[in-house]
Amino acid sequence: MPVQFAAKRLGKELSKIQNGLPPGIELVSADNLEEWFLDIKVLDNNPLYLNETYRLKFRFSQSYPIEPPEVVFVKQADRPIPIHPHIYSNGIICLDLLGQQGWSPVQSVESVCMSLQSMLTGNTKNERPPGDEEFVRGNKQRPKDIEFYYHDNTV
Amino acid sequence: MSAQSSLALKEEGNRHFQRGDYVAAEALYTKAIIADPTNPLLYTNRAMARLKMTRWDSVIEDCEECLRLSSLTTASSSSSSSACPYVAGQKNTGKNFKALYYLSQAHLPLKNYDQAVSYALQAHKICAETHDKSLAAVTSQVLKCKKERWEHREKLRRREEQELEGEVVELLRKDMEGLLKSNEEDEEERKEMEKLCEEKIERVKQIFEKAREKDQRRRENPPDWAIDDISFQVMVDPVMTKTGKSYERASIEEHLRRSETDPLTRTPLTIKDLVPNIDLKHACEEFLEENGWAGDW
């Protein structure tokens with residue numbers, strides 16, 4: 001008998017989300033229980049992110065929320081990849097919370113969006129992670145399989 | 001025929017079951033049972049196939065036979081000088097939870113709600129004691145049974161209320177007709193009586209309508225204290241971590257199997273550290289009794 005947390009939990013998250021999300025977070029689509037898209041905005045006047053909207057893609061496994069979702073920024077004509085020393089230019093995010101170690105099942109789609117919002121809000125560095133070009137060129141791995149080195153846990 | 005050929009038949013049945021051919025699996029389990037009618041495990045296997053075939057009555061027969069045979073073997077192994085009675089007993093309870101779980105699943109579509117709830121709770125108790133990985137599935141079954149039982153009761157209650165409303169309205173009309181008969185001369189007064197009575201009927205209907213609306217409004221989100229922060233379901237068996245925060249047993253155990261940390265503080269936490277939260281459990285039970293819809297909101 002497999003454990004089927006994901007479907008029920010995501011169904012409930014979705015009904016909560018449809019009743020409202022915090023400011024700056026919007027649901028774009030949740031057509032199934034595997035892949036959702038959300039838009040986030042940075043609400044303060046941080047010049048790095050002013051007047052921009054960023055699109056996030058969530059992918060859930062069968063064992064969500066025991067396992068973390070895979071979360072990346074996706075690029076579109078009007079949706080750039082935010083500049084940040086922990087966000088690669090292909091949209092892959094290096095955030096403790098989304099890693100196998102840092103994840104906790106009490107986190108949710110909403111709380112992840114809020115963490116990313118505040119990660120951007122607090123950033124002042126107009127730069128990509130070190131080795132971005134090389135990483136983006138060479139990476140064939142899925143984000144969850146990458147062993148990130150959390151060189152700066154204060155960000 | 002022997003126990004050995006019986007087991008071979010069971011294995012073959014399992015292979016068909018895996019492939020989704022439940023009819024062939026059921027036939028093979030039946031052959032296995034004919035070869036060795038005393039092995040309780042064969043009956044739960046066949047019950048599993050029959051569940052898929054929605055043959056509820058024969059699921060119940062198989063599970064009851066399994067439980068009967070298991071109780072016989074447990075009794076005899078504890079009376080005889082078995083080398084390892086503890087292991088034998090544990091194996092039996094381990095399988096019994098499946099019989100109980102299947103019984104619950106078969107009684108539910110037959111609308112035997114009380115039995116469905118009772119068997120689900122018995123299965124849950126065994127799974128919780130043995131930390132079985134099926135605990136999450138059994139926990140969901142408890143909620144599902146409680147929800148369906150509540151919906152059934154609500155349906156009856158609503159029907160009764162509707163009938164009551166009809167009866168009250170009819171009585172008021174009869175009352176009016178009586179009054180009108182006793183006063184056939186004064187046209188003014190008759191009109192006044194009729195008007196008063198229609199107003200009363202309208203008022204009664206409004207009161208019943210308000211009660212129905214209140215029922216609907218009650219079904220918003222369940223209170224946070226009743227909800228497990230991992231599964232987002234109402235808790236059936238809340239257990240507390242060292243921080244005082246409670247989770248559904250099935251959820252937190254599933255998390256701890258992956259990572260032995262407190263979900264909130266990330267400090268070390270093991271299954272042994274979990275403590276049942278009896279008062280919260282009772283509060284959740286009471287809440288579900290009144291708000292069964294929240295069993296799957």
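Me: In this predicted model, a salt bridge is a side-chain nitrogen of Lys or Arg within 4 Å of a carboxyl oxygen of Asp or Glu. Which residue of chain B meets the side chain of A:E67 in a salt bridge?

Reply: The N to O distance of the pair is 3.3 Å, and the cut-off is 4 Å. The partner of A:E67 is B:R258.

Me: Is B:R258 buried, partly exposed or exposed?

Reply: A residue is buried under 20% relative accessible area and exposed over 50%. The relative accessible area of B:R258 is 24%. Because this value falls between the two limits, B:R258 is partly exposed.

Me: How many residues apart in sequence are the parts tied together by B:E289 and B:R153?

Reply: The side chains of B:E289 and B:R153 meet in a salt bridge, with N to O at 2.9 Å. B:E289 belongs to helix α10 (residues 278-290) of chain B and B:R153 to helix α7 of chain B, so the parts tied together are separated in sequence by 136 residues.

Me: What is the distance between the closest N and O atoms of B:D273 and B:K242?

Reply: B:D273 is in the loop between α9 and β3 (275-276) of chain B, while B:K242 is in the loop between β1 and β2 (246-248) of chain B. B:D273 is partly exposed at 27% relative accessible area, whereas B:K242 is exposed at 58%. The two form a salt bridge in which the closest N and O atoms are separated by 3.9 Å.

Me: Where in chain B is B:E185, a member of a patch of negative charge on the surface?

Reply: The patch gathers B:E184, B:E185, B:D186, B:E187, B:E188, B:E189, B:E192 and B:E194. B:E185 has 72% relative accessibility and therefore counts as exposed. Its place is in the loop between α7 (135-182) and α8 (187-218) of chain B.

Me: Is B:A49 buried or exposed?

Reply: B:A49 is part of helix α3 (residues 40-52) of chain B. Its C-alpha atom is 9.2 Å from that of B:A24, which is 25 residues away along the chain. Because the relative accessibility of B:A49 is 0%, this residue counts as buried.

Me: How far apart do the C-alpha centres of domain 2 and domain 3 of chain B lie?

Reply: The domain assignment places domain 2 at 152-218 and domain 3 at 224-296 of chain B. The separation of their C-alpha centres is 48 Å.

Technical notes. Residues numbered from 1 in each chain as written. Chains lettered and ligands numbered in written order. Predicted model: local features only at pLDDT ≥ 70, side-chain atom pairs only at ≥ 80, totals over all residues. Heavy atoms only, no water. Patch = residues over 30% accessible without salt bridge, like charges linked within 9 Å, V, L, I, M, F, W, Y side chains within 5 Å. Areas by Shrake-Rupley, 256 points an atom, 1.4 Å probe, with all protein chains shown as cover. Lys, Arg positive; Asp, Glu negative; His and termini not counted. Charge placed at Lys NZ, Arg CZ, Asp CG, Glu CD. Helix = DSSP H or I, 4+ residues; strand = E, 2+ residues; numbered from the N terminus. Buried < 20%, exposed > 50% of the residue type's maximum accessible area, 1.4 Å probe, protein only. Domains from an automatic or database assignment.
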